[in-house]
Amino acid sequence: MWREPQTLQAEAMEGREEEQKEEEEKAEKIAFWLKKIFGDQPIPKYEVNPRTTDILYHLSECNKTRDRDVSLVIEDLKQKARDYESEAKYLQDLLMESVNLSFTSLSSIGSSYLNALVDSALVLETKDTSLASFIPAVNSLASDLFRTKARNEEMEVELNKLGKNLTATLILEKCLREDLKKAELHLSVEKARVDSRISNIDFLKAKSDDLRLRIKAAEEQLSARGMDDSLSHQSLMALSERLAELKQQTAPLKKKLESYLDLMPNPSLAQVKIEEAKRELNSMDAELTKKVDMMELLPDQSKRRFT
């Protein structure tokens, strides 16, 4: 629905006037409330803005509500006091009319008993001092006492359990601390041992690298001088293994020759076999001697080459 601009402007002005009027009412209520609170004392200065105005207005409304509730409570207490006074006067008149007894005519012991009765009624929070009111109150108090004792016993048992648990926990903590110290000591010893091993490994690694370089340099030097490969350590080891194999091969031949020597029949055939075995043994001895001479000759040649 379309409306003219003059109408919208008038409505906006009316809205602003209402807001301004509402703010003025709030300011008046706040000023009255502050004057009531501080009385003759000067009101502290504060910054007037919409936020502070709303806060103070809210506080004034809460204060008014609280004052109203307090006044209602006061009126209720006053009414109860009037009722109690009227009831007390009625009871005094009843005592005077029935047994001609008043509070002022009681002895000091009677007054003390009466005061004790009143104090007991106040402590037990009974509506009056009659026996019908005292018995349930005392029973309730006894029940509360029994429950309190039972609760105290339960708490004592629980406290004992907690004490035992605390003792066990302290002992366990002490053991753990000792184990921790032992573990730290063992760790320090192991760390020192590991550091020593690491240093030894580093030393051996450096030594190995140095020996590798020296071996490589020696091999290059020997190669430059024309050393035969048969004089190398591997060749000598292989030759030694071959010599051991030859010795093992000659052992059964020697045993075979001995068996031929023990034969008695057919001397001519035995002599032939013996001669063949001797020739075979001599050839193997010659080859073995040659190998041994070669092995003895090789170190001398290597020494002369190195020198």
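What is the accessible surface of the protein, and how much of it belongs to carbon and sulfur atoms? In this predicted model, the accessible surface comes to about 26200 Å², and 59% of that area belongs to carbon and sulfur atoms. The protein has six helices and zero strands, and buried residues make up 10% of its 307 residues.

**Fold and contacts**

- Read along the sequence, the secondary structure follows the pattern α-α-α-α-α-α, with zero strands in the protein.
- Among contacts in the protein with a separation of 6 or more, 56% are accounted for by residues 24 or more positions apart.

**Nonpolar surface patch**

- Ile43, Tyr46 and Val48 make a nonpolar surface patch of about 290 Å².
- Ile43 counts as partly exposed because its relative accessibility of 39% lies between the 20% limit for buried residues and the 50% limit for exposed ones.

- The structure holds zero disulfides.
- Cys62 has a relative accessibility of 38% and therefore counts as partly exposed.
- Cys175, with a relative accessible area of 37%, is likewise partly exposed.

Conventions: Residues are numbered from 1 along each chain as its sequence is written. This is a predicted model: local features need pLDDT of at least 70, side-chain atom pairs count only at pLDDT 80 or more; totals for chains, interfaces and linings use all residues. Side-chain values use heavy atoms; hydrogens and water are left out. Patches are made of residues with over 30% relative accessible area and no salt bridge: like charges are joined within 9 Å, nonpolar side chains (Val, Leu, Ile, Met, Phe, Trp, Tyr) within 5 Å. Accessible areas come from the Shrake-Rupley method with a 1.4 Å probe; for residues, only the protein chains shown count as cover. A salt bridge is a side-chain nitrogen of Lys or Arg within 4 Å of a carboxyl oxygen of Asp or Glu. Buried means under 20% relative accessible area, exposed over 50%, partly exposed in between (1.4 Å probe, protein chains only). Helices (H or I, at least four residues) and strands (E, at least two) are DSSP runs, numbered from the N terminus. Contact means heavy atoms within 4.5 Å. A disulfide is a pair of cysteine sulfur atoms within 2.5 Å.
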